[in-house]
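Visitor: I am new to this structure. Please take one part of it and show it to me closely.

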Amino acid sequence: MLAYKLIFFALLTVFSQASTALDSKDILPPEQAFKLSASASSPEKLELVWDIADGYHLYRDKFKFQSQTENIELSQADMPEGNIEHDAVFGETVVYRGALKVGLPLLNKKNNASLIKLLVKYQGCADVGVCYPPQKVVLDVVLPAAPAAKRGNALNQIVQGCKAL
């Protein structure tokens, strides 16, 4: 009976030390581990930037982008290469560490939208073995006005087309 008590206390000691090693205070909330910002360089292109904390990484194949604004569609995201790493859960996978910049071309059909509502999905983990559930963030990004020359050229083409009739 004494042996069982010793084994029980030994296991209790091991598990209590493991639980304090991964205390929730040591793990950053996802918005701090993966700081996301977005800006528009033109009415046709967004730039999304993640500042990834040391000891954390994002998975390339877990990114998804979706426009929630009428008349604006998204083209294929311009994702950098990243690093191939072996993950205990996902196997060989491409991850990003440090800073990540993603270019996101827009198909602004009417070219007059001043704002895009963008749904961004991504997932990452801490190197200590804690993975976050997939993150969903909705961003409102202000779009700059289309250049006047570009709008004028379209108008000139219409006028010239009417004159040709």
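Which residues do ring pairs link into a cluster?

Guide: Let us start with the model itself. This is a predicted model. Its mean pLDDT is 83, and 74% of the residues reach 70 or more. Residues 2-21 fall below 50, and beyond near neighbours in sequence this stretch has two contacts in the model. Where pLDDT is low, the predicted coordinates should not be read in detail.

Now the cluster. Its members are Phe34, Trp50, Tyr56, Phe63, Phe65, Tyr96, Tyr122 and Tyr132, linked by ring pairs. Across the whole structure, a search finds 10 aromatic pairs. Two of these pairs deserve a close look.

Take tyrosine 56 and tyrosine 132 first. Their ring centres are 6.4 Å apart. Their planes stand at 35 degrees, so the pair is tilted. Stacked would need planes under 30 degrees apart, and edge-to-face over 60. Where do the two residues sit in the chain? Tyrosine 56 belongs to strand 3, residues 56-59. Tyrosine 132 lies in the loop between strand 10 (124-126) and strand 11 (135-142). The pair therefore ties together parts that are 76 residues apart in sequence. Tyrosine 56 has a relative accessible area of 6%, so it is buried. Tyrosine 132 is at 7% and also counts as buried.

Next comes the pair of phenylalanine 63 and tyrosine 96. This one is edge-to-face. The distance is 6.1 Å centre to centre, with 70 degrees between the planes. Phenylalanine 63 is in the loop between strand 3 and strand 4 (64-67). Tyrosine 96 is in strand 7, residues 91-96. This pair ties together parts that are 33 residues apart in sequence. Both phenylalanine 63 and tyrosine 96 are buried.

Now look at the nonpolar core. The largest one has 29 residues. Phe34, Leu48, Trp50, Tyr56, Phe63 and Phe65 touch the most other members. Cluster names come back here: Phe34, Trp50, Tyr56, Phe63 and Phe65 are among the residues that ring pairs link. Which strands supply this core with at least two residues each? They are strand 2 (45-52), strand 3, strand 8 (99-108), strand 9 (115-122) and strand 11.

Leaving out residues up to four places away in sequence, its contacts include Leu36, Ser37, Ala38 and Phe65. Leu100, Lys101, Val102 and Leu104 are also among them.

A search of the whole structure finds one. Cysteine 125 is joined to cysteine 131, with 1.9 Å from S to S. The torsion about the S-S bond is about 100 degrees, so the disulfide is right-handed. Is each end buried or partly exposed? Cysteine 125 is at 1% relative accessibility and counts as buried. Cysteine 131 has a relative accessible area of 34% and is partly exposed.

Glycine 98 lies in the loop between strand 7 and strand 8. At 31% relative accessibility, glycine 98 counts as partly exposed. Its contacts are Trp50, Asp51 and Ile52, leaving aside neighbours within four places in sequence. Trp50 is also a member of the ring cluster. Glycine 98 and leucine 58 are 40 residues apart in sequence, and their C-alpha atoms are 9.6 Å apart.

Glutamine 68 is in the loop between strand 4 and strand 5 (72-74). Glutamine 68 is partly exposed, with a relative accessible area of 40%. Apart from residues up to four places away, glutamine 68 touches Lys117, Leu119 and Val138. Glutamine 68 and valine 138 are 70 residues apart in sequence, yet 8.9 Å apart in space, C-alpha to C-alpha.

Last, step back to the whole protein. It has three helices and 11 strands. Along the sequence the pattern is α-α-β-β-β-β-β-β-β-β-β-β-β-α. Buried residues make up 28% of the 165 residues. Among contacts with a separation of 6 or more, 67% come from residues 24 or more positions apart. The protein exposes about 10,800 Å², and carbon and sulfur atoms supply 58% of that area.

Methods
Residues are numbered from 1 along each chain as its sequence is written. This is a predicted model: local features need pLDDT of at least 70, side-chain atom pairs count only at pLDDT 80 or more; totals for chains, interfaces and linings use all residues. Side-chain values use heavy atoms; hydrogens and water are left out. Rings of Phe, Tyr and Trp (its six-membered ring) pair if their centres lie within 6.5 Å; planes under 30 degrees apart count as stacked, over 60 as edge-to-face and the rest as tilted. Helices (H or I, at least four residues) and strands (E, at least two) are DSSP runs, numbered from the N terminus. Buried means under 20% relative accessible area, exposed over 50%, partly exposed in between (1.4 Å probe, protein chains only). A nonpolar core is a set of buried Ala, Val, Leu, Ile, Met, Phe, Trp, Tyr and Cys residues joined through side-chain atoms within 4.5 Å. Contact means heavy atoms within 4.5 Å. Accessible areas come from the Shrake-Rupley method with a 1.4 Å probe; for residues, only the protein chains shown count as cover. A disulfide is a pair of cysteine sulfur atoms within 2.5 Å. pLDDT is the predictor's confidence in each residue, from 0 to 100.
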